[in-house]
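Hi! Here is the structure I promised to pass on. Have a look at it, and then read my notes below.

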Amino acid sequence: MTSGAELTIDVSEKEGEVRLVVAGELDLSSVPRFEAALALAEDGNPPVLDLELSELTFIDSTGLRAILQASHRAESEGRSLVISNPSPTVRRLLAVTAMDHTIPIRQEDAAT
């Protein structure tokens with residue numbers, strides 16, 4: 001049993017863009033669920049896949065790898081993957097790993 005927050009993923013679509021709101025902890029035990037949600041979202045071949053990470057409290061190397069692989073798939077298929085509103089913890093990790101230079105980061109107004 002883990003002491004962390006369980007991973008939740010809510011999927012929505014707006015104007016052809018698919019958004020996955022990912023909350024909790026993305027780690028070795030939860031990555032398979034995340035990858036399954038990504039695969040379902042990618043099946044619709046949306047032009048933009050948006051990972052909303054404001055409520056993601058923890059991410060390990062397996063979670064980072066899953067996001068990076070999804071970004072590479074999107075690029076090879078002529079689509080875009082963006083990260084929206086990363087939590088401070090996630091933003092720091094993206095910066096440390098230089099993923100913030102390879103994956104677009106959107107910071108949206110909290111009122112939207």
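The side chains of arginine 73 and glutamate 42 form a salt bridge, with 3.0 Å from N to O (a salt bridge is a side-chain nitrogen of Lys or Arg within 4 Å of a carboxyl oxygen of Asp or Glu). Keep in mind that this is a predicted model: local features need pLDDT of at least 70, side-chain atom pairs count only at pLDDT 80 or more, and totals for chains, interfaces and linings use all residues. Residues are numbered from 1 along each chain as its sequence is written, and side-chain values use heavy atoms, leaving out hydrogens and water.

Back to that pair: arginine 73 sits in helix α2 and glutamate 42 in helix α1, 31 residues apart (helices are DSSP runs of H or I, at least four residues, and strands are runs of E, at least two, numbered from the N terminus). Glutamate 42 is buried, at 13% relative accessible area, while arginine 73 is partly exposed, at 30% (buried means under 20%, exposed over 50%, partly exposed in between, with a 1.4 Å probe and protein chains only).

Serine 71 lies in α2 too, which covers residues 61-76. Serine 71 counts as buried because its relative accessibility is 11%.

There's another salt bridge between arginine 19 and glutamate 108, at 2.8 Å, N to O. Arginine 19 is in strand β2 and glutamate 108 in the segment after β5, 89 residues apart.

Arginine 79 and glutamate 77 pair up as well, at 2.5 Å. Here arginine 79 is buried, at 8%, and glutamate 77 is partly exposed, at 45%.
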